[in-house]
Amino acid sequence: MKKTILFIVLAALCLFFRAAGQIINKPPGQIITGKVTDEQGTQLPGATVKLKGSSIAVNTAADGTYTIGPVSANDILVISFIGYQQVEIQLSELQKQQFTIRLKNNTGVLDEVQIIAYGTTTKRLSTGNVSSVKAADIEKQPVSNPLAALEGRVPGLSVTQSSGVSGAGFKVQIRGQNSLLQGSEPFYIVDGVPFVTGNSALNQISSAAGSSSSGTGMSPFQLINPSDIESIEILKDADATAIYGSRGANGVILITTKKGKPGSVKVNLNTYSGVSKVSRTMDMLNTQQYLQMRREGFKNSGLKPTTTNAPDLLLWDTTRYTDFKKLLIGGTAHTTDAQLSLSGGNINTQFIIGGGYHHETTVFPTDLGDTRGSLHLSLNHHSTDNKLNIAFTAGYSTNKNNLTTTDLSSYINSNPMLQLYTPDGKLNWAEGGKAYSSLGILNPNPLAFQYQTYTGKFNNLNSNLMIGYHFIPDLLLKVSMGYNTVNSNEVATFPSTSINPYSLQLPYSNFANRTFQSWIIEPQAQYAKTLGIGKLDVLIGGTWQDQSSNGLTVAATNYNNDLLLNSIAAAGITQSSNSYSQYRYEGIYGRVNYNLQDKYIVNISGRRDGSSRFGPQSRFSNFAAFGAAWIFSEEKFIKSTLSNIISFGKLRGSYGITGNDQIGDYQYLDTWTPVSDTYQGVSSLNPTSLYNPSFQWEKNKKTELALDLGFINDRILLSAAYFRSLSNNQLVNYTLPTQTGFTSILENLNATIVNKGWELQLNTKNIGSHAFTWNSSFNLTIPKNQLLAFPGLESSTYAGTYIIGQSVSSRLVYHYLGVDPQTGVYQFLDVNKDGSYNQTDRNTLVNTDPKFYGGFQNSVSYKNFQLDIFFEFKKQTGVNYLSNLAGTVPGYKYYNQPVIVLSRWQNPGDVANIQKFTSAGGAALTASNLYLRSSNAVYSDASYIRLKNVALSYSIPQQLLKKLHVVNCRVYLQGQNLLTMTNYIGADPENQSLFVLPPLRTVTAGIQLTL
Amino acid sequence: MKPQYKQLLLILLLSINMSACKKFVDISPSPQLIATDAIFSDDNTALSAVSGVYVQMRSGSPSFVNGGIGIYAGLTADEIYDTSSSSTYDPYYNNNILSNDGNISDFWSTAYNTIYRTNAILQGLDKSNGLTSPVKNQLKGEMKVVRALIYFYLVNLYGDVPLITTPDYAQNATAERTPVSQVYQQMVVDLTDAQGLLTNTYPSTGKLRPNRLTANALLARIYLFKKDWANAEVQSSAVINSNLYSVLPDLNAVFLINSGETIWEIAPANDAANSAEASAFVPESPTVEPTFAINSYLLNLFDANDKRKTNWLGSNTIGGTTYYYPNKFKNSSTTSITEYNVVFRFAEQYLIRAEARAQQNTNLPGAVNDLNMIHTRAGLSAYPTSLLQADCLLAVQKERRLELFTEWGDRWFDLKRWGTIDGVLGAEKPGWKPYAALFPLPLDQLTYNVKLIQNTGY
């Protein structure tokens, strides 16, 4: 270890002295003065004018002028400015132009700045696979969560919305599932600081957004204002991610916020408002249809309804009808968003300060909602001699969610006859002398939520300070220091008015607090030097990170007064528990990039990491990657013959090893945890979990080969990548049969999973006249997941779950044969013909991986109008509504059903897709409850094409604005999830559950004003 | 300029000195976690680990040994029915339980979690040498009683079950079902050990943790189930002759906290709640149907003068129909605490000895006397000591049904061990199928351990 460091440092030292030696040889010559403008002749302050091959560089002043020297006639000046094409010009040429340089707008996508791990590059020169989603695309979407803005836009990135409830989470996966069971969450970095919560749920108390344990819950990205984001980079291959070492295996997502630009102070105001509705759900039976179903069930079961087995038919008011779908999720949600920012600065110092407000309500019958306030600040300074660089960013946001305690979608199958209120206006819980709950009805009064409250307050502070100093022009030493804290404060109250009196439960409340804290220090040395005929870039750095979480939950019960539910002291019984965990992480890393004539580029990166999550003997590990690119369009044989057609051609590839330490803390220790319960006053201990002292780092080998092509002056850009990532020695929570006392153990699993596939990105400028432009962008991902090897699978607990050679999401299920026309009962293939359905009869394979997915964007502008239309598509098999019906069998016990069940079997000879209604135990109930959900009948096509986003805007003409002293004014209409084309049988094909709120359809109107 | 660079590089070099780094990631464990070694080096923390076992046993409402068996095995037998025809209870009452039933899987995982704890604690105690000897023996004895108790209910509900006696997950994960007889053998070993480790004095206030006689009581029942009549008599006699317990004349006092009839009881929720049975069986008010009502077969068996009918059954009349419910545990209040979960009570020991003696046919009058202890307490006239063996056995069977109804599935288990289940339930329940005498193994467990073979019929 020490040797490696020593070597790196020595190498860096050598470079220093070489560099230092060159400064001395300053050529004598003249001082020149000139001006830098854009194509229209507008002066450009802040552009860099550099004498090629020397350290002499200056920035243009506010009027675009520069003074540089001494220079001689043969010198070459390099003029660069973000957003413009770099120009290299010989002094003699420059003289002919009276020292005025016109920079062309950098419209070429290939030369846009591309943020990568610890640095920047361009699409043209990058050796790795990095995709970006820019502010321009984020701003067009009326979403409150930045993850929502990524859906369908990046090849290789799968983003799935778990629920339509405001603040609910998103499942994010880069290039497939690498781990058998553990989530394959990417590593998230916001402005250089690892996001302390990652993508795990913020809430500890179950809320409408879901419970924290189900992998849904409140999204921590709700704490990041999408309007503050400049770009989101998705790092996918080994070349791009290996420098993050142990945390790069599942890809990396970099979020970079906006920075100020030089120029006079601008005030930017952007506000919109809109409405949302449920997009796609299922209609439920009305009372008449429900009664028909129940009566038919009794007839089919040969039973006579009695007050015991059919209180709904005999004791309830059969004329009552509530359309719970309409009542509970049929409302309209309102969204209001306002953003105000101030930005500006001079050449040396730029700033932006912005505030945001976002409020959205829900489709549930309540006015409550989710509100976020946020503040963003960025300060950049560099000294006139360009030696000192300081950048400071800070973001603070506070989010308050007081939606219902549960997602009301889960109640839409409530019995349509339920009596909701007693005659005196209280909630009703019984009818005909029987408590609804005693009938096994789990949510006897869906309106109880009205009296229950949930308040979650979440705050996020993220700040980063970077100080850099060019000791010599080629060497930058810098240190980046970041601090991130996220805290939560939740209270849920359940007053007596909301509690089923038959449950004998007294009023209760739940309280939870948690604070996550993280600091990171990363010193770095960057050395850039022209070496021979090529350019050398060297980076070495280190990371020290400390992360901790500290939580407290209190379950307070047995209140005797509803008014005191917010007080813990007033509770009859309290059970509290606190949690504390610490995680420390360190690494040293380096990267060497050598670029020969912008034609041949090699990039080598490596990292050595240590993590406190492993036992002392396996705490450190090494990771590395190699990437190379050949820009063959720069070769003479292409330039001379094909340059009219092929304007850009690059072949690149990478190979490397990344890792994963996404496991809980302290798992290698054999410990017991105190719990709040006591026995005879003696405190009690629970075994924390099964423990394994010897698990090791998970490693993931990634290979990528890609071809990037540009045709007709880059009007058509095509990028095709083939990737293959192999993960073995996976660190998983290995499922155990409960006879071991637990359900899982953390282990390295000797199974090999490969994720491979193709990614395609096509950008075209279809029409590009002065008044009318039309650009298109299309991306497609064809993934394939395969379990390559699993030694000992047969004797493992996964013998009945996984199949070698198939995807890890493939399962063996019963083969569904449809409804038996004679008996009216679901039939399945009895493979071994033994008269019963068991494990050996499961021989039909289902695979829920997407076959392909992607997006298609079209942007048209005509004069002052701009229209963007974005479609997202996915081809996949998913679980349909039948999987929801398995537990609540049509005709059996008081639950309502979707209208679709009316196409059931009724008489012998009927050919139907729904079996006969049944009201008692027996073959039909067993078939539905036990076998149907384990058969391929519950899997069907869940492919969709979704009109994800439409944005139409109109910019008020400049002549008019000038009179009003307004720089820019734009009015716009935006829509999200407007239309879904699918053959899916069920609610929404994205979250695939009838009982979870589907993604909402949103339409907004807004105005953006720049003063 | 140069020296400055050198200094800075030196700083950089120092800052990434990895020997300092090793310490950086070497963090101390969370203050919330206590290492296993530390637990078993101290009497108090070892007791806390054991406390955790009782806390786990009384968790859930209701679950496995926290009232669950009494309800679910009461439904599968002919003791109670669910008045509202609920989808949770119907499969049990109708004896058509599906293998993916939630309670089936809950019972299984709860039972094995308790077993894991007892195994881990027993291993920790064996390895430890920091504990005082009396504490170590007492805790070991308690854990062996608990382990035997859980296995007793597992084999009687599921039949053959994996016999797990160590915390080694790698080995346990693929363990096959062990024949019932072998599991019984382990229970006998555990309880015999426990008798050597425990004393007759309860280790804490009341009867909330097992003493030596608890081991005798369970062993008496196990020998009875194994038809080892002689040993059943020996073990029950040990309890009866201890003079620590009595059959209380007042039926309403039998289930009160620390009653003279209780051998072992577990305090629910932080010792601040009443029994799981009361909250399951006692209706919220006199105007609602009880969730579970006494089956007419059991109801009709009570003699009109049987005090147990008046004292241990409650009734609500709704719309002209009278529903009787189990009222042994009477208090479902959340404020005044008078009853705990009773695991063993003394009356059972007389019935065990009566049956054991009758089966041996060497001391029939003794058998009848034991039987009369219980029979006459209910206000009924004594059986004559001249009773013939067959009649005595029938009388014991009837007495068990009337005395022990809805107590931890006793009736369900008796029907099975007497071999009368198909005859009795076949007549009482339409659609009875003999395979239903065993619960199914949880469906998902068959996937996770392919060596588990499902019970026939499921």
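Predicted model: local features only at pLDDT ≥ 70, side-chain atom pairs only at ≥ 80, totals over all residues.
Residues are numbered from 1 along each chain as its sequence is written, and chains are lettered from A and ligands numbered from 1 in the order in which they are written.

I took helices (H or I, at least four residues) and strands (E, at least two) as DSSP runs, numbered from the N terminus, and I counted two strands as paired if DSSP finds at least two bridges between them. Strand β19(A) is joined to β20 (residues 369–382) of chain A by 13 bridges, and the two run antiparallel. Three residues lie between β18(A) and β19(A), which form a hairpin.

**Chain A as a whole**

I looked up the secondary structure of chain A, which comes to 11 helices and 50 strands. Its C-alpha atoms fill a box of roughly 110 × 70 × 65 Å along the principal axes. The radius of gyration of chain A, taken over C-alpha atoms, is 32 Å, which agrees with the value near 30 Å that a compact globule of 1011 residues would have, the rule being 2.2 Å times the number of residues to the power 0.38. Buried residues (20 or more other C-beta atoms within 10 Å of their own, against 12 or fewer for exposed and in between for partly exposed, with C-beta atoms placed from the backbone) make up 47% of the 1011 residues.

**Where the chains meet**

I then turned to the contact between the chains, which takes 82 residues from chain A and 79 residues from chain B; residues are in contact if their C-beta atoms, placed from the backbone, lie within 7 Å. Strand β28 (residues 573–596) of chain A gives the largest share of the chain A side, 10 residues. An open sheet of three strands has the order β33(A)-β32(A)-β1(B), with antiparallel pairing. I noted that β33 (682–687) of chain A and β1 of chain B stand at the edges, each with a single partner strand, so one side of each is left without a neighbour in the sheet. Two bridges join β32 (residues 671–679) of chain A to β1 (residues 34–35) of chain B, and Trp672(A) stands opposite Ile34(B).

**Cores and helix α11 of chain B**

I next checked the nonpolar cores (sets of buried Ala, Val, Leu, Ile, Met, Phe, Trp, Tyr and Cys residues joined through C-beta atoms within 7 Å), and in the largest, of 147 residues, Ala46(B) and Leu218(B) touch the most other members. Helix α8 (residues 133–158) of chain B gives the most to this core, with 13 residues. Leaving out residues up to four places away in sequence, Leu218(B) touches Val145(B), Ala148(B), Leu149(B), Phe152(B), Leu191(B) and Phe344(B).

Finally, I looked at helix α11 (residues 212–225) of chain B, where 14 of the 14 residues are buried, so α11(B) is largely enclosed by the rest of the structure. Just after α11(B), Lys227(B) takes a positive phi of about 60°.

Notes: Contact = placed C-beta atoms within 7 Å.
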